[in-house]
Amino acid sequence: MSDDQALAPRTPSRRRLLSAGLAGGAVIGLGALLTGCGSSGGNDGTGGGTGGSGGSTPAGGGSSPDQKSVKQGGEDYATVIERMKGFGTDAAPGVYPRTVRHAMGETVVPAKPTRVVVLDTGELDNVVALGIQPVGVVHADASKSLPSYLKDKAGSPAAVGTINSLNLEAIAALKPDLILGSQLRAQDQYAQLSKIAPTVFSLRPGYPWKQNFLLNASAFGLEAEARAQLDAYQAAAAAIGAKLGDKRPGITPLRFMPGRTRLYAELSFIGTILTDVPLPQPEIERVKELAVEVSPEQIDKADADWIFYGVYGSPSSTNQDAVLGGALWKTLGAVKSGQARPVSDETWFLGLGVMAANAVLADLKGFVAPGS
């Protein structure tokens with residue numbers, strides 16, 4: 001994907017936001033440091049991926065830190081859900097062919113798909129949640145296997161490259177009848193993918209994960225099933241909030257990655273889950289962005305009642321050991337109270353779908369609201 005997208009003009013309010021964030025760490029907006037297919041640079045996973053509508057990848061994101069950085073403005077980040085309102089189909093359940101509106105235009109799906117290839121962790125989570133076993137998957141660069149939380153339900157799909165480097169020949173060899181991905185990750189490959197099979201792209205992974213689920217479900221005529229699962233997720237989140245009442249502990253989602261340490265903010269996958277409970281975050285994380293990057297010397301900015309930390313890939317490739325073994329870490333209130341806990345990176349930051357979201361809720365329930 002392109003690595004030279006121009007930085008969008010910023011409004012005065014945007015400048016104030018960035019200035020406030022940079023006082024405590026670098027703000028990662030709308031996919032800055034998000035990645036491009038087959039390149040190297042930043043990622044989310046995030047929780048979520050973010051980026052301009054024609055940009056490159058990773059976010060909520062989640063997403064691989066080995067992708068090329070993309071310079072992008074963030075003004076459209078918070079409007080992504082609004083931009084997706086026209087996505088989906090008008091076809092009744094079970095009616096084919098159906099036309100699906102998505103990030104790259106319209107795609108006709110001639111019959112109910114049975115051989116789907118998914119190009120990111122969110123799409124994988126989504127189809128498995130709908131009871132569909134994909135025939136082909138890509139892997140995050142830090143892991144060449146299926147996420148452990150999906151292994152017993154995803155079947156044995158063939159690997160067709162990584163999030164950042166698609167193997168188009170391998171995809172074609174599987175003879176898929178549907179390909180699901182995102183504009184942020186694979187815009188440059190869309191034309192080639194569309195020649196292989198009907199291809200439906202969301203705008204980006206991560207933050208709009210609920211809308212992405214409904215979009216993916218629309219190709220199968222399973223929107224009602226997707227909505228039911230989202231309703232159940234919302235009810236589970238609300239139950240945790242009800243159990244806590246007015247005693248809402250502050251939460252920091254902390255992620256160690258090669259070359260960077262991130263505090264995930266409101267417009268990330270994990271940020272949306274914390275909002276749904278709701279559970280507050282420290283002031284530095286209360287920004288309409290994907291994440292804020294901090295140095296080891298700024299790790300005190302992560303202090304909250306609870307700190308939940310994940311690591312992308314091998315801990316030895318990050319500064320996790322240096323931070324957790326450092327004197328500053330030991331001064332944090334959450335550390336002193338035994339409320340700084342490791343969590344699964346593949347659900348908290350890379351899952352980007354309803355099954356991962358439910359796993360995160362289960363973790364939160366067990367830690368902060370047992371008995372809810």
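Biologist: What makes the charged end of Arg-98 sit over the ring of Tyr-96?

Modeller: The charged end of Arg-98 is 4.6 Å from the centre of the Tyr-96 ring. A charge sits over a ring if NZ of Lys or CZ of Arg is within 6 Å of the ring centre and within 35 degrees of the ring normal. This is a predicted model: local features need pLDDT of at least 70, side-chain atom pairs pLDDT 80 or more, while totals for chains, interfaces and linings use all residues. Side-chain values use heavy atoms, without hydrogens or water, and residues are numbered from 1 along each chain as its sequence is written.

Biologist: How many aromatic pairs are there?

Modeller: The count comes to 10. Rings of Phe, Tyr and Trp (its six-membered ring) pair if their centres lie within 6.5 Å; planes under 30 degrees apart are stacked, over 60 edge-to-face, the rest tilted.

Biologist: Why is the pair of Tyr-264 and Phe-349 called tilted?

Modeller: Their centres are 4.9 Å apart and their planes stand at 50 degrees, so the pair is tilted. Tyr-264 lies in strand β12 and Phe-349 in the loop between α13 and α14, so the pair ties together parts 85 residues apart in sequence.

Biologist: What makes Trp-306 and Phe-308 a stacked pair?

Modeller: The angle between the planes is 10 degrees, with 5.6 Å centre to centre. Trp-306 and Phe-308 also belong to one aromatic cluster with Trp-348 and Phe-367.

Biologist: Why is Trp-306 called buried?

Modeller: Buried means under 20% relative accessible area (exposed is over 50%, partly exposed in between; 1.4 Å probe, protein chains only). Trp-306 has 8%, so Trp-306 is buried. Phe-308 has 0%, so Phe-308 is buried.

How values were computed. Helices (H or I, at least four residues) and strands (E, at least two) are DSSP runs, numbered from the N terminus.
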